[in-house]
Amino acid sequence: MADKATIVVFSGDLDKVLAAFIIATGAAAQGMDVTMFFTFWGLNAIKKDKGPIKGAKNWMQKMMGMMNRGGASRLPLSKFNMGGMGKMMMKKIMKSQNVTTLPELMEAAIDLDVKLWPCKMSMDVMGVGKEDLIPETGNPVGVAAYTAEAAQSKLNLFI
Amino acid sequence: MDFDVELDTLGKQCPIPIVKTAKKMKELEVGQVLRVLSDDEGIKEDMPAWANTTGNEFLGIEEEDGMYICYVKKVTQ
């Protein structure tokens, strides 16, 4: 059986999510069975680019959904974002250095059968429905589903 | 060095050369040799590591004006 790798994606920052997907695709390319568990701000990475969210049940969730729209191409930088200016410059630099963009890397991950699991509790808190997430996302799971995978993994990260 | 299939990853940064190598390797028969072109210096360490982990044989690497030419032999299915 193939070795397993699990990655918790807690952050919704572009740079951190990019690192998570580079490791995920690298591990999958080495024949590992990779599961990514998206929780809290990390959910933004697997949200559809079309906001605002539809799963919101009250005005607070709706407001949070507006301010926290998500989508792989919308994530901010963890440092020097400067209202999007820093991110724009970073994207330009990365392009000139031939760095693969996050949406391309996510496509590669999906192609390599990396599993994308959303955390049910975070979805409930943020009012994010299954319909707000990209179609490749797996069923919403709880902590036990993650720990069961993590316990069998040789590589386990929290990003 | 002789090879059966060539993969061009020029202009691609980590992790794409390895991701494409893994994908291409699936198309090869056991015993065939894949030649991978890359201009990412990281490939010098990455390709032997990838071959080692996946149970394939790393045959060597040639360097030509900033281009790295790697040879990997398919050992397992």
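Reader: How many bridges join strand β1 (residues 4-9) of chain A to β2(A)?
Author: Six bridges do, and the two strands run parallel. Strands here are DSSP runs of E with at least two residues, helices are runs of H or I with at least four, and both are numbered from the N terminus. Two strands pair if DSSP finds at least two bridges between them. This is a predicted model, in which local features need pLDDT of at least 70, side-chain atom pairs count only at pLDDT 80 or more, and totals for chains, interfaces and linings use all residues. Residues are numbered from 1 along each chain as its sequence is written, while chains are lettered from A and ligands numbered from 1 in the order in which they are written.

Reader: Which residue stands opposite A:T6?
Author: A:T35 of β2(A) does. Between β1(A) and β2(A), the chain passes through helix α1 (residues 14-29) of chain A in a right-handed β-α-β crossover (clockwise from the first strand over the helix to the second, with the strands pointing away from the viewer).

Reader: Why is β2(A) largely enclosed?
Author: Strand β2 (residues 33-38) of chain A has five of its six residues buried, so the rest of the structure largely encloses it. Buried means 20 or more other C-beta atoms, placed from the backbone, within 10 Å of the residue's own.

Reader: What pairs with β2(A) over four bridges?
Author: Strand β3 (residues 115-118) of chain A does, in the parallel sense. There, A:F37 faces A:W117 of β3(A).

Reader: Now chain B: how many helices and strands?
Author: Chain B has two helices and four strands, in the order β-α-β-α-β-β from the N terminus. Its C-alpha trace spans about 30 × 25 × 20 Å along its principal axes, and 29% of its 77 residues are buried.

Terms used: A residue is buried if 20 or more other C-beta atoms lie within 10 Å of its own, exposed if 12 or fewer, and partly exposed in between; C-beta atoms are placed from the backbone.
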